[in-house]
Amino acid sequence: MVEGVMGLFDGAAGQGDWASTAHIARLLHLPIVLVIDCAHLSNSVAAIAHGYRSFDPRLHLAGVILNRVGSDRHLQFLQEALAPLALPILGVLRRQAAITIPDRHLGLVPTDELPEFSQLIERLAKMGTDCFDWQQLRPLLATPRSSSTFTSLSSPLETKTSAVPPIRIAIARDRAFNFYYADNLDLLTALGAELIPWSPLTDTDLPPKIQGLYLGGGFPELFAATLSANHPARSAVQRAIAAGMPTYAECGGLMYLCAGIIDFQEQEFPMVGCLPSRAVMQQRLILGYRQATALQDSPLLTAGTCIWGHEFHHSSLHPQPTAPLYHLRGHERNSPTWEEGWRLEHLHASYVHLHWGGQPELPMRFVQHCRRYRRPSDQQP
């Protein structure tokens, strides 16, 4: 099952539907279930469904799910409108004002911050049992007619061997740091890494005997006071990086390594201080695909390597790095270019989120750097 973002045909700007849900469905030969918000619709639901089905005849629109249906009478209007299309109704979700996930400046509030999330999941599970036509839905979950698309993803998984001891990599996982591609973590594990979760919010030290550090994205600006007050954790990270521990910091992780974070109320909170910049929150959202060319070597990249990533943040660094890590350009045609990212000898820090599935040499290089690292206590006098 592939869950789409935005509309079915919304992909990278300026490239038609490239990288959209429709594009993925064509590549993987997947049927499409269209979820329609019916809160303010009756007969117009047919025009929406017809438009989506006819816009690209290469796609197979298998049916619709009617969301936010108000009453039995409302449902009857919707059913009558859709009947001439002979398009199956695969589910009906009634309006549920009590079932909601709040949002804020970077989207939905992470589930770690929702104390009643388990109860919400139970209610959604009950709706899933009662509100969908599983007799029609289950056949749509069959294996696609071609599985060749997936073969290229298996090669990195073959590199792990039991004869090589695992590399212990600390992963920042708490309410402040929780934006990770699960595929990235799976690739690290497949390459022989043991991922050790720790919390910059509550832990006073890094996990013992680690050989690498991964600081993902999240909301450090919302927990800046707590992060700043945890002096032992900040000092532990600073010492580890100063000692040469390979470190990958992405977006929120980059902010944490700065001298400080200045929040939306213009209050500054000291952070780790490895990078001589401050992360300043701003109302402007910086968002989009990025083509990044490495300007120098890092624990992940060699100079000249070109990769694709994604930016999504409300902060900017002041001052900017004097020897930036990347040369960036947007995905749009005639996009402006700029430079971004910090690189120290064993540190890769950037706002750009990277998915390693298409370039497994990135996590392989990081694991190799971690394997070569020797903690000061391990070094011979």
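Buried here means under 20% relative accessible area, exposed means over 50%, and partly exposed is anything in between, with a 1.4 Å probe and protein chains only. On that scale, the face of helix 4 turned away from its buried side carries exposed Glu122, Lys126 and Thr129. Keep in mind that this is a predicted model, where local features need pLDDT of at least 70, side-chain atom pairs count only at pLDDT 80 or more, and totals for chains, interfaces and linings use all residues. Numbering starts from 1 along each chain as its sequence is written, and side-chain values use heavy atoms, leaving out hydrogens and water. Helices (H or I, at least four residues) and strands (E, at least two) are DSSP runs, numbered from the N terminus.

**Helix 4**
- Helix 4 takes in residues 117–131, so 15 residues, and spans 20 Å from first C-alpha to last, close to the 21 Å expected at 1.5 Å a residue; the expected span is 1.5 Å times one less than the number of residues.
- Its buried residues are Leu120, Met127 and Gly128. They sit on the same side of helix 4 because they cover an arc of only 105 degrees around the axis, the arc being that of the directions from the helix axis to the C-beta atoms.
- Strand 3 and helix 5 (134–137) are among the elements covering those buried residues, where contact means heavy atoms within 4.5 Å.

**Helix 3**
- In helix 3 (residues 72–82), the buried set is His74, Leu75, Leu78, Ala81 and Leu82. Their arc around the axis is only 125 degrees, which puts them on the same side of helix 3.
- That buried set packs against helix 2 (44–55), strand 2 (61–69) and strand 3 (89–94).
- Asp72 and Arg73 are exposed, on the face turned away from the buried side of helix 3.

**Helix 1 and the segment before it**
- Thr21, Ala22, His23, Ala25 and Leu28 are buried in helix 1, and the buried residues of this helix pack against strand 1 (32–37).
- At the start of helix 1, a side-chain oxygen of Ser20 comes within 3.3 Å of the backbone nitrogen of Ala22. After the helix comes His29, with a positive phi near 55 degrees.
- Gly16 sits in the segment before helix 1 (21–28) and is exposed, at 61% relative accessible area. Neighbours within four places in sequence aside, Gly16 contacts Phe9 and Gly11.

- An open sheet of 6 strands runs in the order 8-6-9-11-19-18, with mixed pairing; two strands pair if DSSP finds at least two bridges between them.
- Strand 8 (193–198) and strand 18 (342–344) are the edges, each with a single partner strand, so one side of each has no neighbour in the sheet.
- Strand 11 (residues 247–250) and strand 19 (residues 347–350) run parallel and are joined by 4 bridges, with Ala249 standing opposite Ala349.

**The loop at Asp297**
- Asp297 lies in the loop between strand 14 (275–294) and strand 15 (306–318), and is partly exposed at 38% relative accessible area.
- Not counting residues up to four places away in sequence, Asp297 touches Thr302, Ala303, Arg343 and Arg365.
- A polar atom of the Asp297 side chain lies 2.7 Å from the backbone nitrogen of Ala303.

Notes:
Polar contact = N/O pair within 3.5 Å; in protein donor to acceptor, adjacent residues only side chain to side chain.
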